[in-house]
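Hi,

Here is the structure I promised to send over.

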Amino acid sequence: CFQTLLPYLIDSTQSTKSKEIAIRIFRKLLPRLPRKVIMSRYQEISKSLYNSLGDQAVETRKEATLTIVELNFKIGDRGLQTDHFSPNEKALISVFVSNLKKKRLMRQQQTMRKR
């Protein structure tokens, strides 16, 4: 599935809607992919997501941001290369990461209480 999706994800000639859908599917697939598989194509994926942050379509930018956040969780803070991001993009990603961490922690605590 990942190998089929990858060309749609990294091909800059894809239509905006195709790119948005590919990013969304990739984000949903991320938790199931081994870290090793992601890292083998990390440079291409990272570049594509970074380029998508500048897309004219709001939904594509949103999907790219959410996917970068999920990628951050998957490969860790140190693995995520954000040097080429603008300060505003870094701040936005940081806020999303923080909010998602809180959300996941609350969900985990609720699950523990139900037991």
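Which helices do the buried residues of α4 pack against? Before I get to that, some housekeeping. This is a predicted model, with local features needing pLDDT of at least 70 and side-chain atom pairs counting only at pLDDT 80 or more, while totals for chains, interfaces and linings use all residues. Residues are numbered from 1 along each chain as its sequence is written, and side-chain values use heavy atoms, with hydrogens and water left out.

Back to α4. Its buried residues pack against α1 (2-10), α2 (16-29), α3 (35-40) and α5 (58-75), where a contact means heavy atoms within 4.5 Å. Helix α4 itself covers residues 42-52, and its buried residues are Y42, I45, S46, S48, L49 and S52. Buried here is under 20% relative accessible area, exposed is over 50%, and partly exposed is in between (1.4 Å probe, protein chains only).

Two residues I'd point you to:

- Y42, in helix α4, counts as buried at 3% relative accessibility.
- Leaving out residues up to four places away in sequence, E63 touches E20, I23, R24 and R27.

Now the whole chain. It has six helices and zero strands (DSSP runs numbered from the N terminus: helices are H or I with at least four residues, strands are E with at least two). The radius of gyration is 15 Å, close to the 13 Å that the globule rule gives for 115 residues, so the chain is as compact as a globular protein of that length. That radius is taken over C-alpha atoms, and the rule is 2.2 Å times the number of residues to the power 0.38. Along the principal axes, the C-alpha atoms fill a box of roughly 50 × 35 × 25 Å. Buried residues make up 35% of the 115 residues. Of the contacts with a separation of 6 or more, 70% are between residues 24 or more positions apart.

Cheers
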